[in-house]
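I opened my notebook and went through this model one stop at a time. Here is what I looked up, in the order I looked.

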Amino acid sequence: PFKQGVRSCTMIDTRGLGRNTLLVLLAAKLLACGEGSSRHSVADQPPQDTLTFRAELDSARIFFRTGRMTAADSLIAPILATTKGVPTLQQQRLRALATHAHILQRRSMLDSALACNAELMTLAEAANDTFWIGAAYTNTAVVRELQGDYAGALRDNLASLHLKELRDDS
């Protein structure tokens with residue numbers, strides 16, 4: 001009895017087959033087997049909401065870039081409180097965490113910025129979101145450099161660069 005959606009991988013008797021035939025069979029078998037199905041299908045996951053808090057996050061980013069940290073922080077704090085533990089608002093939480101870490105860094109609250117980047121990393125890794133994992137590594141590297149931890153900064157920058165190469169991102 002097979003579970004629905006799970007493919008069966010069977011053994012192939014390769015005795016007496018030529019090299020080319022063996023390669024073709026191997027390729028066909030690998031394509032047929034694949035990785036199987038995951039425990040959770042896409043249908044099990046709630047759809048991501050990408051519109052909620054968009055204006056607030058954009059405004060907070062602009063406030064941050066123009067040096068208005070208090071205004072940016074006043075927009076980010078309620079977003080962080082609202083999005084905690086809400087899977088459909090995960091992208092907003094990631095953006096809010098990154099912006100909050102930048103605000104903390106600008107205010108020279110480097111330990112708090114590291115903690116915020118660690119939360120960003122944890123959430124991004126749980127979502128397997130390589131963009132945000134790379135961003136968390138880069139942001140952490142900047143904070144480590146500001147703290148004088150040059151070896152840690154180099155390690156995090158190399159990890160971020162590795163992810164960019166895997167994503168074929170320039």
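**Entry 1: a spot in a loop.** I began at Phe53, which sits in the loop between α1 and α2. Helices here are DSSP runs (H or I, at least four residues), strands are E runs of at least two, and both are numbered from the N terminus. Is Phe53 buried or exposed? Phe53 has a relative accessible area of 17%, so it is buried. My cut-offs: buried is under 20% relative accessible area, exposed is over 50%, and partly exposed is in between, with a 1.4 Å probe and protein chains only. I also noted that Phe53 has a positive phi of about 70°, although it is not a glycine.

**Entry 2: what kind of model this is.** This is a predicted model, where local features need pLDDT of at least 70, side-chain atom pairs count only at pLDDT 80 or more, and totals for chains, interfaces and linings use all residues. Residues are numbered from 1 along each chain as its sequence is written, and side-chain values use heavy atoms, with hydrogens and water left out.

**Entry 3: confidence.** I checked pLDDT, the predictor's confidence in each residue, from 0 to 100. The protein chain averages 80, and 72% of the residues score at least 70. Helix α1 (residues 19-33) has the lowest mean pLDDT among the elements, at 55, while α5 has the highest, at 95. Over residues 1-10 the pLDDT is below 50, and this stretch makes 10 contacts in the model beyond near neighbours in sequence. Residues 33-43 are also below 50, with 6 contacts of that kind. A contact means heavy atoms within 4.5 Å.

**Entry 4: the whole chain.** I found 7 helices and 0 strands in the protein chain. Of its 170 residues, 29% count as buried. I looked at contacts with a separation of 6 or more, and 54% of them join residues 24 or more positions apart. The chain exposes about 11400 Å², with carbon and sulfur atoms supplying 58% of that. These areas come from the Shrake-Rupley method with a 1.4 Å probe, and for residues only the protein chains shown count as cover.

**Entry 5: Leu89.** Next I went to Leu89, in the loop between α3 and α4. Leu89 counts as buried because its relative accessibility is 9%.

**Entry 6: the core.** The largest nonpolar core has 30 residues, and Leu57, Ile76, Ala96, Ile103, Leu120 and Trp132 touch the most other members. The elements giving two or more residues to this core are α2 (54-65), α3 (69-83), α4 (90-106), α5 (110-127) and α6 (130-147). A nonpolar core is a set of buried Ala, Val, Leu, Ile, Met, Phe, Trp, Tyr and Cys residues joined through side-chain atoms within 4.5 Å. I picked out Leu120: leaving aside neighbours within four places, it contacts Leu94, Leu97, Ala98, Trp132, Ala136 and Asn139.

**Entry 7: α4 against α6.** How do the axes of α4 and α6 cross? They come within 11 Å and cross at roughly 10°. The two helices are therefore roughly parallel to each other. Axes are lines fitted to C-alpha atoms, for helices over the stretch in contact, and angles run from 0 to 180 degrees between N-to-C directions. Angles under 35 degrees count as roughly parallel, over 145 as roughly antiparallel, 65 to 115 as roughly perpendicular and the rest as oblique. On the α4 side I noted Gln91, Leu94, Arg95, Ala98, His102 and Gln105, which meet Trp132, Asn139, Val142, Val143 and Leu146 in α6.

**Entry 8: Gln105.** I stayed in helix α4 for Gln105. Gln105 counts as buried because its relative accessibility is 18%. Not counting residues up to four places away, Gln105 touches Leu110, Ala113, Asn139, Val142, Val143 and Leu146.

**Entry 9: Ser108.** Then I moved to Ser108, in the loop between α4 and α5. With a relative accessible area of 59%, Ser108 is exposed. Ser108 is not a glycine, yet its phi is positive, about 65°.

**Entry 10: Asn157.** My last stop was Asn157, in helix α7 (residues 150-166). Asn157 has 35% relative accessibility, so it counts as partly exposed. Beyond residues up to four places away, Asn157 touches Thr138 and Ala141.
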